[in-house]
Amino acid sequence: MPVVDEIRDANLSYASKFAKGDLPMPPGRRFAVVTCMDARLDPAKFLGLDEGDAHVIRNAGAVVTDDALRSLIISHHLLGTQEAVVIAHTDCGMLTFKDGELQDRLDTDVEFHAFPDVEENVRSGVKKIQDSSLLPDSFEARGFVYDVKTGELREVPG
């Protein structure tokens with residue numbers, strides 16, 4: 001069975017029992033998460049989240065790109081979030097290449113945001129959030145690394 005058929009079947013099962021259609025748009029716990037798209041990460045599970053608790057922004061590498069920052073700004077100003085956590089992880093694929101290599105291979109100037117150090121990527125993302133002129137000084141940001149072998153979060157010191 002093609003994957004799309006599997007997910008349609010799974011969705012029909014989920015929708016048949018769905019009882020959370022009245023959740024408010026603002027996240028109930030008033031925070032946002034920027035994390036990696038890696039399939040080994042399930043932020044709802046490792047952070048103890050339910051539907052409606054938090055905004056989760058995912059991209060390759062948990063990089064606080066301009067687009068991730070745009071989402072955080074909307075999340076704060078229009079939906080009331082008061083803090084964000086940036087969560088990268090061990091064994092990240094973004095450590096395995098350099099932008100220039102992939103750009104040459106694909107003949108493109110797209111910026112892929114590869115990085116050589118997970119903790120430094122987290123610190124950089126937290127700093128970008130803290131330095132944003134479009135978020136107030138009261139908007140908190142902290143960073144973590146998720147260990148894909150143990151499931152544990154470790155805070156990255158600023």
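Is Ala62 buried or exposed, and at what relative accessibility? At 1% relative accessibility, Ala62 is buried (buried is under 20% relative accessible area, exposed over 50%, partly exposed in between; 1.4 Å probe, protein chains only).

This is a predicted model: local features need pLDDT of at least 70, side-chain atom pairs count only at pLDDT 80 or more, and totals for chains, interfaces and linings use all residues. Residues are numbered from 1 along each chain as its sequence is written, and side-chain values use heavy atoms, with hydrogens and water left out.

**Positive phi**

Most residues other than glycine have a negative phi.

| Residue | Phi | Relative accessible area |
|---|---|---|
| Arg30 | about 55 degrees | 44%, partly exposed |
| Ala62 | near 55 degrees | 1%, buried |

Arg30 sits in the loop between helix 1 and strand 1 (31-36). Ala62 lies in the loop between strand 2 (54-59) and helix 3 (66-79). Helices (H or I, at least four residues) and strands (E, at least two) are DSSP runs, numbered from the N terminus.

**Core**

The largest nonpolar core has 37 residues. Such a core is a set of buried Ala, Val, Leu, Ile, Met, Phe, Trp, Tyr and Cys residues joined through side-chain atoms within 4.5 Å. Among those with the most contacts inside it are Leu69, Leu72 and Ile129. Leu72 touches Ala32, Val34, Ile57 and Ile129, among others, not counting residues up to four places away in sequence. Contact means heavy atoms within 4.5 Å.

**Outside**

Val3 belongs to helix 1 (residues 3-16). Val3 is exposed, with a relative accessible area of 58%.
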